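Try each task before you read its solution.

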Amino acid sequence: MFANSNIEKVNLIDTIYHKIQGNMFFNCDNLKSVTMGEGITTTGDNTFSGCDNLVNVELKKFALYDGVEMQDMLNDMPELTTVNISDGYLSSGVKVDEMFSGCTKLNTVNLQDLEIYSSMSHMFSGCSSLANASFTNIN
């Protein structure tokens, strides 16, 4: 939908979009900030693949259920520095393994008020710059 566009910022809060399709923002080289939240129920593979200048990601007020694959959504983002995820629910069938793996500049991660029933193994593998991590009220 927005693939290969010059979009710089994405704000999907209180939006009509409930399904984020795979490769939806593929190769959006100018994309720097993403905010997604309430109403998002599905994300596709490689949603932000090729968005090499993405710096900030915020996910809030969301519920993702079985079959949703997020493990390739944000991995290997060379400029990603900050991630904030709050007020969310991830069922056991949601795949988040390696979600941020290879994000070598990722410095700050805040996870807050989450119900996570899926494996988070290797979620931050290879995040060599990770210095600030806050995990608050995680069930």
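## Exercise 1: A residue in a loop

Asn-75 is found in the loop between E5 and E6. The model is a predicted one.

**Task.** Decide whether Asn-75 counts as buried or exposed, and find which residues Asn-75 is in contact with, leaving aside neighbours within four places in sequence.

**Solution.** 
- Step 1: Start with the cut-off, by which buried means under 20% relative accessible area.
- Step 2: The relative accessibility of Asn-75 is 18%, so Asn-75 counts as buried.
- Step 3: Leaving aside neighbours within four places in sequence, the contacts of Asn-75 are Glu-98, Met-99, Phe-100, Ser-101 and Cys-103.

## Exercise 2: Stacked rings

**Task.** How many aromatic pairs does the structure hold? Work out why the pair of Phe-2 and Phe-25 is stacked.

**Solution.** 
- Step 1: The structure holds three aromatic pairs.
- Step 2: The ring centres of Phe-2 and Phe-25 are 5.3 Å apart and the planes are at 0°, so this pair is stacked.
- Step 3: Now place the two rings in the chain. Phe-2 is in the segment before E1 and Phe-25 is in the loop between strand E2 (19-20) and E3, 23 residues apart, and the pair links these distant parts of the chain.
- Step 4: Check the accessibility of each partner. Phe-2 is partly exposed, with a relative accessible area of 26%, whereas Phe-25 is buried at 1%.
- Step 5: Phe-100 and Phe-124 form a stacked aromatic pair, with 5.4 Å from centre to centre and 5° between the planes.
- Step 6: This pair also links distant parts of the chain, 24 residues apart: Phe-100 is in the loop between E6 and E7, and Phe-124 is in the loop between E7 and E8.
- Step 7: Phe-100 is buried, with a relative accessible area of 0%.
- Step 8: To finish, ring pairs link Phe-2, Phe-25 and Phe-48 into a cluster.

## Exercise 3: The nonpolar core

**Task.** Which residues have the most contacts inside the largest nonpolar core?

**Solution.** 
- Step 1: The largest nonpolar core has 37 residues, and Phe-25, Phe-48, Leu-54 and Phe-100 have the most contacts inside it.
- Step 2: Strands E1 (9-12), E3 (33-36), E5, E6 and E7 each supply at least two residues of this core.
- Step 3: Ser-33 sits in strand E3 and counts as buried at 16% relative accessibility.
- Step 4: With neighbours within four places in sequence left aside, Ser-33 is in contact with Glu-8, Lys-9, Val-10, Leu-54 and Asn-56.

## Exercise 4: Cavities

**Task.** Where does the lining of the largest cavity come from, and which strand gives the most to it?

**Solution.** 
- Step 1: The structure holds two cavities of 30 Å³ or more, and the largest has a volume of about 60 Å³.
- Step 2: Twelve residues line the largest cavity, and Ile-85, Leu-90, Val-96, Met-99 and Met-123 lie nearest its centre.
- Step 3: Strands E5 (56-64), E6 (82-90) and E7 (108-116) each supply at least two residues of this lining.
- Step 4: E7 gives the most, with three residues.
- Step 5: By class, the lining has twelve nonpolar residues, no polar and no charged ones.

## Exercise 5: A cysteine and its contacts

**Task.** Find how far apart the C-alpha atoms of Cys-127 and Leu-106 are.

**Solution.** 
- Step 1: Cys-127 lies in the loop between E7 and strand E8 (132-138) and is buried, with a relative accessible area of 9%.
- Step 2: The C-alpha atoms of Cys-127 and Leu-106 are separated by 6.0 Å, while the two residues are 21 residues apart along the chain.
- Step 3: Leaving aside neighbours within four places in sequence, Cys-127 is in contact with Phe-100, Cys-103 and Leu-106.

Key: Residues numbered from 1 in each chain as written. Predicted model: local features only at pLDDT ≥ 70, side-chain atom pairs only at ≥ 80, totals over all residues. Heavy atoms only, no water. 1 Å grid on protein atoms, 1.4 Å probe; cavity = no way out; pocket = protein on both sides within 12 Å on 5 of 7 lines; lining within 4 Å. Points joined across faces, edges and corners; volume = space filled by probe spheres on them. Helix = DSSP H or I, 4+ residues; strand = E, 2+ residues; numbered from the N terminus. Nonpolar A, V, L, I, M, F, W, Y, C, P; charged D, E, K, R; others polar. Core = buried A, V, L, I, M, F, W, Y, C linked by side-chain atoms within 4.5 Å. Buried < 20%, exposed > 50% of the residue type's maximum accessible area, 1.4 Å probe, protein only. Contact = heavy atoms within 4.5 Å. Phe/Tyr/Trp six-rings, centres within 6.5 Å; stacked < 30°, edge-to-face > 60°.
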